[in-house]
Amino acid sequence: MGEETITVGEISRGDEEGTPVELPVVDVLTGRSFVTGKSGSGKSNTASVICEKMLDKGFGILIVDIDGEYYGLKEEYEILHVGGDEECDLQVTEEHAGKIAELALEQNVPIILDVSSFLDESEARALLTEVTKHLFAKEKKVKQPFLMLVEEIHEYIPEGGGVDECGRMLIKVSKRGRKHGLGIVGISQRPADVKKDFITQCDWLVWHRLTWNNDTKVVGRILGNEYADHIEEMDDGECFLMTDWAEDIRVVQFERKRTFDAGATPGLDDFERPELKSVSGDLVEELEEISETKERRENRIEELQRELESKDERIHDLERQLKEARDLKKMADRFSRAMMEQVTGRPLSAAPGRQSELDEAAGPVRRDPEIEAELKAIRNGEKERESSPVPVAGNDDDASEEAEDDAVDETTDDESPPDSETTETEPEPTAETTETRAETQSGEETTSETSDWPTESDSQSFGFGGIDRVTGDTGVDTDDSPTVSDVASGSAREPTASPALSGGERLVDRLQSEIRALDDVAVEMLRVYRARGPLTPQEAHEAAGGSGDRTGAYSMNRQLRERGFVAHASRGRHEYALPELVAEETVDPFNPNQPVDGTEHDLLVQAVESVFVDGIDAPETVDAAAEVATDGGTDSDN
């Protein structure tokens with residue numbers, strides 16, 4: 001094979017004019033070459049002549065066609081034309097790259113890789129990158145001489161600017177492909193734009209007519225100034241031929257190619273496309289099988305995506321329904337709590353759903369045996385209900401009598417309350433429930449039946465100061481009331497639901513104790529939600545220093561969501577909800593449409609956040625918040 005040659009033209013000037021010009025096959029197949037010339041100078045014709053000569057001898061080639069000009073070779077040769085449109089024998093993507101390389105090297109199938117019809121250039125580059133990778137990898141094992149011809153190579157390995165993965169693979173072939181038998185021919189009409197490292201490493205170069213000053217300067221640097229002076233005068237198809245196997249630079253006139261010139265500039269004559277040869281159906285079937293597999297996989301992916309979107313929508317809908325149900329329950333609990341305060345004449349001890357927490361902190365509540373006996377006597381008809389004037393604030397005996405009278409009214413009066421709509425959803429307390437409440441006050445442990453009753457903590461939190469609905473007493477010892485900063489730092493006491501705190505302080509105290517009880521990672525997730533906005537539990541978990549594992553992330557997230565610190569936003573994402581939680585906990589049930597004062601709300605939120613957000617100092621006192629809250633509660637009663 002080392003002596004085998006191909007004839008590509010003849011010397012057109014000088015003493016040897018008319019002498020045939022031959023190129024050694026092995027150097028063309030495995031070497032590095034550069035063909036350049038301005039548009040219309042014969043550059044593409046020269047490349048096609050090289051391809052025809054290789055195909056005549058049965059050698060393998062792969063043509064990277066960037067302008068869709070080489071399909072004319074199919075007029076005479078059985079060559080596989082693959083690319084991105086219906087004009088090709090088969091439409092391919094980067095998933096076909098391995099099979100294309102296998103057909104080219106192992107089955108010696110000549111291939112035109114037409115990247116001109118891809119609408120997305122990134123798809124074309126990805127395809128060429130993968131094909132080049134597979135060719136390079138397979139050649140290390142096959143060791144079969146093979147030529148890769150790349151049109152407009154300046155687009156892949158430019159002189160100025162960065163080189164992407166595709167360009168790096170072509171450079172790798174030019175530097176290391178020869179030892180494996182993989183050669184490359186780079187073609188460009190702008191040599192000044194091609195990376196000079198590529199040009200200077202070539203074994204043979206073809207210089208057709210060039211006129212741009214920057215391009216002729218390249219000729220001067222590589223061939224010499226005398227050649228740069230004459231490069232503009234070259235005829236069509238004429239070139240300077242420079243090779244490593246010949247000392248002289250020759251002026252050569254290349255042959256005209258035999259096959260259809262698909263790259264010729266269109267004229268006024270009718271265009272007639274020649275009859276093209278077809279490739280073996282078996283080859284196409286092998287590639288079509290890959291396309292069908294890819295299509296099935298894409299269809300399955302689309303189907304799974306639709307199912308996932310449907311399930312996400314269902315989850316979102318269920319979460320919305322759950323939130324609405326919880327909101328309704330909160331409204332019902334607040335209304336029930338407010339009604340029971342009016343009935344009993346005293347604030348209740350804890351919010352619904354939090355009774356067990358306060359029982360553990362404060363111990364069992366003791367009941368008054370005399371009140372229990374008198375209530376029982378009234379229910380059994382042994383004693384008549386006595387009217388009692390509204391007690392004076394601070395008179396405990398009067399408050400007890402008023403509580404007994406109100407309890408009898410609630411358990412015996414058959415008349416409906418003024419708000420009939422509310423009565424349909426929130427039934428009045430009965431004698432049985434009142435008795436259950438009384439039993440709870442006797443010192444027995446709270447059961448599931450009593451834990452739903454509203455308690456003193458929430459009564460004071462929604463009343464902004466624990467105002468007794470009958471006496472008007474706030475229940476706040478102003479001399480001993482701790483500051484919010486004390487509550488935030490924990491210096492005032494261990495987190496409890498002590499009735500010595502004002503309503504705002506009790507809310508801060510309770511929420512801070514809940515935050516302190518969280519896992520460290522959950523607290524950090526709360527910081528992340530506050531700082532970064534809506535996130536998925538996995539994103540928040542990972543940002544908080546966790547692994548991002550779905551199970552662990554949702555476990556930590558559940559701690560935050562069940563306590564109302566975060567809430568579902570959309571499409572699996574959650575967001576920081578502490579300000580909304582504070583707003584909900586401070587709603588006055590007797591005036592629910594009156595929003596909480598913004599300054600007071602911000603003070604309470606800031607106080608709660610001081611326990612887990614660095615750089616936030618709790619307000620020195622909650623006097624302002626407590627005063628506003630107390631005034632608001634009194635106004636609503638009036």
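Leaving aside its neighbours within four places in sequence, which residues is K53 in contact with?

Analyst: K53 is in contact with I6, T7 and E255, once neighbours within four places in sequence are set aside. Contact means heavy atoms within 4.5 Å. This is a predicted model, where local features need pLDDT of at least 70 and side-chain atom pairs pLDDT 80 or more, while totals for chains, interfaces and linings use all residues. Residues are numbered from 1 along each chain as its sequence is written, and side-chain values use heavy atoms, without hydrogens or water.

K53 sits in helix α2 (residues 43–56). Helices (H or I, at least four residues) and strands (E, at least two) are DSSP runs, numbered from the N terminus. K53 is buried, at 16% relative accessible area. Buried means under 20%, exposed over 50%, and partly exposed in between, with a 1.4 Å probe and protein chains only.

Now the wider setting. The protein has 638 residues, and 46% of them count as buried. It holds 23 helices and 14 strands. Among contacts with a separation of 6 or more, 70% join residues 24 or more positions apart.

Another lysine, K99, lies in helix α3 (residues 97–106) and is buried. After α3 comes N108, with a positive phi near 55°.

Two other residues have positive phi without being glycine. K143 has a phi of about 55°. It is found in the loop between α4 (121–142) and β8 (146–150). K143 is partly exposed, at 47% relative accessible area. For E152, phi is near 45°. E152 lies in the loop between β8 and α5 (165–176). E152 is buried, at 8%.

A further loop joins α19 (537–543) to α20 (550–562), and D549 lies in it. D549 counts as partly exposed, at 43%. D549 and Q538 are 11 residues apart along the chain, and their C-alpha atoms are separated by 6.5 Å.

Next comes a helix pair. Helix α21 (residues 578–585) packs on helix α22 (residues 598–609) at about 125°, with axes 10 Å apart. Axes are lines fitted to C-alpha atoms over the stretch in contact, and angles run from 0 to 180 degrees between N-to-C directions. The two helices are therefore oblique to each other. Under 35 degrees is roughly parallel, over 145 roughly antiparallel, 65 to 115 roughly perpendicular, and the rest oblique. The crossing of α21 and α22 is right-handed: the near helix is turned clockwise from the far one by less than a right angle.

From α21, L578, P579, V582 and A583 take part; they meet H601, L604, V605, V608 and E609 of α22. These residues divide into seven nonpolar, one polar and one charged. Nonpolar covers Ala, Val, Leu, Ile, Met, Phe, Trp, Tyr, Cys and Pro; charged covers Asp, Glu, Lys and Arg; the others, Gly among them, are polar.

In α22, the buried residues are E600, H601, L604, V605, A607, V608 and E609. α22 has 12 residues and reaches 16 Å from first C-alpha to last, close to the 16 Å expected at 1.5 Å a residue. The expected span is 1.5 Å times one less than the number of residues.
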